[in-house]
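Okay, thanks for coming, everyone.

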Amino acid sequence: MTSAAELPARAPSLRRRLACFLYEGVLLFGVVMISAYLFSSLTQQRHALQARHELQFFMFVVLGIYFVWFWSRGGQTLAMKTWHIRVRRTGGGALTQARAFARFALSWVWFVPPLALLWALRPVSGSMVFVVTAGWVLLYALSSWLHPRRQYWHDALCGTELVDSKPQPRPPARRSAPSRA
């Protein structure tokens, strides 16, 4: 008999996945702020450019721990639970920590290409950073329509998929006829 995790599931709509993406950003704002405060307190950082690269590496590690932990322990971050989206191995099954880390590393395709372009074009304005990054994110998200199962390409590369995890409605309970005594 096939378990529920191994059954084919449909991908959540692009709209739901992008809403989850935005909500994840809101939640991560708190994680990043607390982590940056911890880093600056422990290193006695007095200026934003002091130990900048160390802070960036620290943030990469913190975000990696956050995502790998949640994806390998149930397949959902807090935002994914809210939007009823789960990440799993292609075809079913939980992610190992190694696969979750591979997905985390490959998911930087959301940000690295536009940031590399902006770095090459510098100096740039804040509005240009927003337009180029938002344009790339939208383009990359829309490219999932080219995938046969509507998955993001970094998921296809690391053997994972996003699936709908909405709770199924339970059929109404049958009422037994009252006994006549």
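**Salt bridges in the model**

Let's start with a network: salt bridges link Arg 10, Arg 16 and Asp 164. By salt bridge I mean a side-chain nitrogen of Lys or Arg within 4 Å of a carboxyl oxygen of Asp or Glu. Quick caveat: this is a predicted model, where local features need pLDDT of at least 70 and side-chain atom pairs pLDDT 80 or more, while totals for chains, interfaces and linings use all residues. Numbering runs from 1 along each chain as its sequence is written, and side-chain values use heavy atoms, leaving out hydrogens and water.

How many salt bridges do we get by this rule? The count is 5.

Take Asp 164 with Arg 16, at 3.1 Å from N to O. Asp 164 sits in strand β2 (residues 160-164) and Arg 16 in helix α1 (residues 14-43), 148 residues apart. Helices (H or I, at least four residues) and strands (E, at least two) are DSSP runs, numbered from the N terminus. Asp 164 and Arg 16 are both buried, meaning under 20% relative accessible area; exposed is over 50%, and partly exposed is in between (1.4 Å probe, protein chains only).

Now, Arg 88 pairs with Glu 161, closest N and O atoms 2.7 Å apart.
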